[in-house]
2 protein chains.
Amino acid sequence: MLNIIMLNRPFPKSRAETELDDFELVFSALSHEDRRRILVVLLGRGGQMTAGEIVQRFTSSWPTMTRHLHILEHAGLIVVEKRGRERHYILQAKRMSKVLQSWNQYFSEVENES
Amino acid sequence: MLNIIMLNRPFPKSRAETELDDFELVFSALSHEDRRRILVVLLGRGGQMTAGEIVQRFTSSWPTMTRHLHILEHAGLIVVEKRGRERHYILQAKRMSKVLQSWNQYFSEVENES
DNA sequence: ATTATATTTAGCATTTATGCTAAATAAATG
DNA sequence: CATTTATTTAGCATAAATGCTAAATATAAT
């Protein structure tokens, strides 16, 4: 699987490298309106919903929503928990804030603006 | 032009609507690595560079970079100033921070996490 | 076991994004 | 004015993302 490839690195990624990967994953995940809406919907429901509850609130098909959920999961913006035949998706708001704040921090020194 | 269509609305957009548009524009703009790099490069040069200076630092062709610059401009992450035949692109770091922080604020109430 | 429910995976069609080359524009210079 | 320099616009080819339907999987219920 994909994991094998990723764990096969000769040495671990540096903090900075990981951060760059995070920016890629998080900004890509957040670039689609439905994916942003999923996070907002999750927030409104206390941060945790099943796949079915999420799908109900959108117009796209279930497979399409599943893919969005996987993209959000891969970016670390949600995590999944299997409970019987249900999948519970759990918002990772802190992780999202951290990544976005660390991006913002790069730019926080600047005062060169109108 | 595009402006005519946009100004033809019967009433102005609400604050919330504008914010949603901002999320779309900003997260889409930041979803491409070269566009994020342009902002970082601009930052390293004091927040202002000509189109040519920016293009020099990337491997993509000038037209490709021009398009990236326009996407960043449309998102409000840079502004352009014409000076003779040069275009000076100016980083709008504050605007970027504001948009990302306002997104983060939606999620800042949550403490439901590991 | 059989059926129903919850959800994902496969595979394909369509749209959108990206990247290029060639041509156009517009200011500066000889 | 002709030429060079800085940059954009047009138009097309390719890659990537999105969305769908059908099929598969896996757990729960009868």
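How many bridges join β2(B) and β3(B), and in which sense do the two strands pair? The points below start there.

1. **The strand pair.** β2(B) and β3(B) pair over six bridges, in the antiparallel sense. Two strands count as paired if DSSP finds at least two bridges between them. Strands (E, at least two residues) and helices (H or I, at least four) are DSSP runs, numbered from the N terminus. In β3(B), E86(B) is the bridge partner of R83(B).

2. **What the model is.** This is a predicted model, in which local features need pLDDT of at least 70 and side-chain atom pairs count only at pLDDT 80 or more, while totals for chains, interfaces and linings use all residues. Residues are numbered from 1 along each chain as its sequence is written, and chains are lettered from A and ligands numbered from 1 in the order in which they are written.

3. **The sheet of chain B.** Three strands make an open, antiparallel sheet in the order β1-β3-β2. β1 (48-50) and β2 (78-83) of chain B are the edge strands, each pairing on one side only. On average, neighbouring strands are turned by 25° against each other, direction ignored. α5(B) lies across β2 and β3 of chain B and runs at about 115° to β2(B). Axes here are lines fitted to C-alpha atoms, for helices over the stretch in contact, with angles from 0 to 180 degrees between N-to-C directions.

4. **DNA strand D.** By class, the surface has five nonpolar, eight polar and five charged residues.

5. **Chain B against chain A.** Each chain's part in the contact is stated separately: 26 residues from chain B and 26 residues from chain A. Contact means C-beta atoms, placed from the backbone, within 7 Å. On the side of chain B, α2 (15-29), α3 (33-44) and α6 (93-106) each give two or more residues. α6(B) supplies the largest share, seven residues. This side has twelve nonpolar, nine polar and five charged residues.

6. **The core.** The largest nonpolar core has 48 residues; V26(A), L77(A), V26(B) and L77(B) touch the most other members. Such a core is a set of buried Ala, Val, Leu, Ile, Met, Phe, Trp, Tyr and Cys residues joined through C-beta atoms within 7 Å. Buried means that 20 or more other C-beta atoms lie within 10 Å of the residue's own. Leaving out residues up to four places away in sequence, V26(A) touches A75(A), L77(A), M96(A) and V99(A).

Note on methods:
Ala, Val, Leu, Ile, Met, Phe, Trp, Tyr, Cys and Pro count as nonpolar, Asp, Glu, Lys and Arg as charged, and the others, Gly among them, as polar. Two residues are in contact if their C-beta atoms, placed from the backbone, lie within 7 Å. A residue is buried if 20 or more other C-beta atoms lie within 10 Å of its own, exposed if 12 or fewer, and partly exposed in between; C-beta atoms are placed from the backbone.
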